[in-house]
Amino acid sequence: GKKGKGRTSRPSPAYISFHTDDTCLDVTAPIENGEPILRLAFPSDNLKINFNAKTGTEAASLCIDGFMNMKADASWTASMCSMTNEGTRAGPHCQWPLSRGENGKWEFDGELNRAQRVEQLLKTMTML
C-alpha cells in the first residue's frame, strides 16, 4: 500500500517481553518522527526509557541485561508478541531462553554473552 509512505510515526508492530515468574520488561519498537525507537517499559513506576534503534541498540541491550541480572538466579525468557488492531496482545509467536542451564552454560549460542543475545533479538524486532 502507498498509504504508509507519508507516515513518519507508527506504533510498534511487535514487542518483546523479557520475563521471569514475577516480573517483566517489555520492549517496543515504534517509529516516531521518522526515527526507529526502542522503548523499554519497566514494571515499576511506569518507567520508560527510549533508545534510538539505529545507534542505541547495544546500550538498550546492556540495560535489559542489567535488569535481568537483578534476578540473576531466575529463569528468564524472551517472548515476541504482536499487537492486534484492537490493541490486544497476540502470541507469544516465538520464545527464547535467556538463562543458564543446570550445567551453568547459557541456553543459547555459547559464543555470545546475554547482552549480545538480547541485542540480536532487538535487531530482529526492528527489522519487522
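User: What makes the contact between E35 and K54 a salt bridge?

Analyst: Happy to start there. A salt bridge is a side-chain nitrogen of Lys or Arg within 4 Å of a carboxyl oxygen of Asp or Glu. The side chains of E35 and K54 come to 3.7 Å, N to O, so the pair meets the rule. The two residues sit 19 apart, E35 in strand 4 (residues 35-41) and K54 in the loop between strand 5 (48-52) and helix 1 (57-69). Helices (H or I, at least four residues) and strands (E, at least two) are DSSP runs, numbered from the N terminus. One note on the source: this is a predicted model, where local features need pLDDT of at least 70 and side-chain atom pairs count only at pLDDT 80 or more, while totals for chains, interfaces and linings use all residues. Residues are numbered from 1 along each chain as its sequence is written, and side-chain values use heavy atoms, with hydrogens and water left out.

User: Why is K54 called exposed?

Analyst: Exposed means over 50% relative accessible area, buried under 20%, and partly exposed in between (1.4 Å probe, protein chains only). K54 has 60%, so it counts as exposed.

User: Is D65 buried or exposed?

Analyst: D65 is buried, because its relative accessible area is 14%. R114 is buried as well.

User: Why is the pair of F42 and F67 called edge-to-face?

Analyst: Rings of Phe, Tyr and Trp (its six-membered ring) pair if their centres lie within 6.5 Å; planes under 30 degrees apart count as stacked, over 60 as edge-to-face and the rest as tilted. For F42 and F67 the centres are 5.6 Å apart and the planes stand at 75°, so the pair is edge-to-face. F42 is in the loop between strand 4 and strand 5, and F67 is in helix 1, 25 residues apart.

User: And why is the pair of W106 and F108 called stacked?

Analyst: Their ring centres are 5.4 Å apart with planes at 20°, so this pair is stacked. W106 is partly exposed at 23% relative accessibility, whereas F108 is buried at 11%.

User: Which residues touch the most other members of the largest nonpolar core?

Analyst: They are F18, L38, I64 and L122, in a core of 26 residues. Such a core is a set of buried Ala, Val, Leu, Ile, Met, Phe, Trp, Tyr and Cys residues joined through side-chain atoms within 4.5 Å. Beyond its neighbours within four places in sequence, I64 is in contact (heavy atoms within 4.5 Å) with F18, L25, V27, L40, V118 and L122.

User: What makes the chain as compact as a globular protein of its length?

Analyst: Let's begin with its make-up: the chain has two helices and seven strands. The radius of gyration is 15 Å, close to the 14 Å that the globule rule gives for 128 residues, so the chain is as compact as a globular protein of that length. That radius is taken over C-alpha atoms, and the rule is 2.2 Å times the number of residues to the power 0.38.
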